[in-house]
Amino acid sequence: MTDLERLFLAVEGQAVEDRRRIAVLALIAEVCSERERQVLQWRYFDEPRKTLQACATEVCVTREHIRQVEAKALRRLRTASLRFRRLYGLCETALPHRHE
């Protein structure tokens with residue numbers, strides 16, 4: 001069993017919104033680099049959310065560089081999410097349905 005599978009089993013009883021957030025965080029951990037994860041954390045998950053300028057100041061780069069890192073991370077997540085949905089759809093049609 002992978003760490004990702006253990007994570008999903010551990011949160012099975014939690015609210016749907018919590019499970020979605022955990023799924024997004026797991027996807028970020030799977031597909032993004034450390035810098036991309038940090039930028040996404042600052043921009044979307046920290047309270048209060050950091051501006052591009054605040055993120056840039058934190059790591060001594062330009063706002064444009066932070067914007068590019070964020071855009072690349074979001075593209076990776078979008079691609080991975082689409083791949084996952086296609087794979088999940090294939091699995092759903094290939095597996096026999098349980099009759100309970």
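Predicted model: local features only at pLDDT ≥ 70, side-chain atom pairs only at ≥ 80, totals over all residues.

Colleague: What is the peptide bond from Glu-47 to Pro-48, cis or trans?

Modeller: That one is cis, with omega near -5°. Most peptide bonds are trans.

Colleague: OK, next loop. Where is Cys-60 found?

Modeller: Cys-60 is in the loop between α4 and α5 (63–94). Its phi is positive, about 60°, although Cys-60 is not a glycine. In general, most residues other than glycine have a negative phi.

Colleague: And is Cys-60 buried or exposed?

Modeller: Exposed: Cys-60 has a relative accessible area of 72%, and the cut-off for exposed is over 50%.

Colleague: What about Cys-32, buried or exposed?

Modeller: Cys-32 is buried, because its relative accessible area is 6% and buried means under 20%.

Colleague: How many disulfides does a search of the whole structure find?

Modeller: The search comes back with 0 disulfides.

Colleague: Switching to confidence: what does the protein chain average in pLDDT?

Modeller: The average is 79, and 68% of the residues score at least 70.

Colleague: Where is confidence lowest and where is it highest?

Modeller: Helix α1 (residues 3–10) is lowest, at a mean of 56.

Technical notes
Residues numbered from 1 in each chain as written. Heavy atoms only, no water. Disulfide = S-S within 2.5 Å. Buried < 20%, exposed > 50% of the residue type's maximum accessible area, 1.4 Å probe, protein only. Helix = DSSP H or I, 4+ residues; strand = E, 2+ residues; numbered from the N terminus. pLDDT = per-residue confidence, 0-100.
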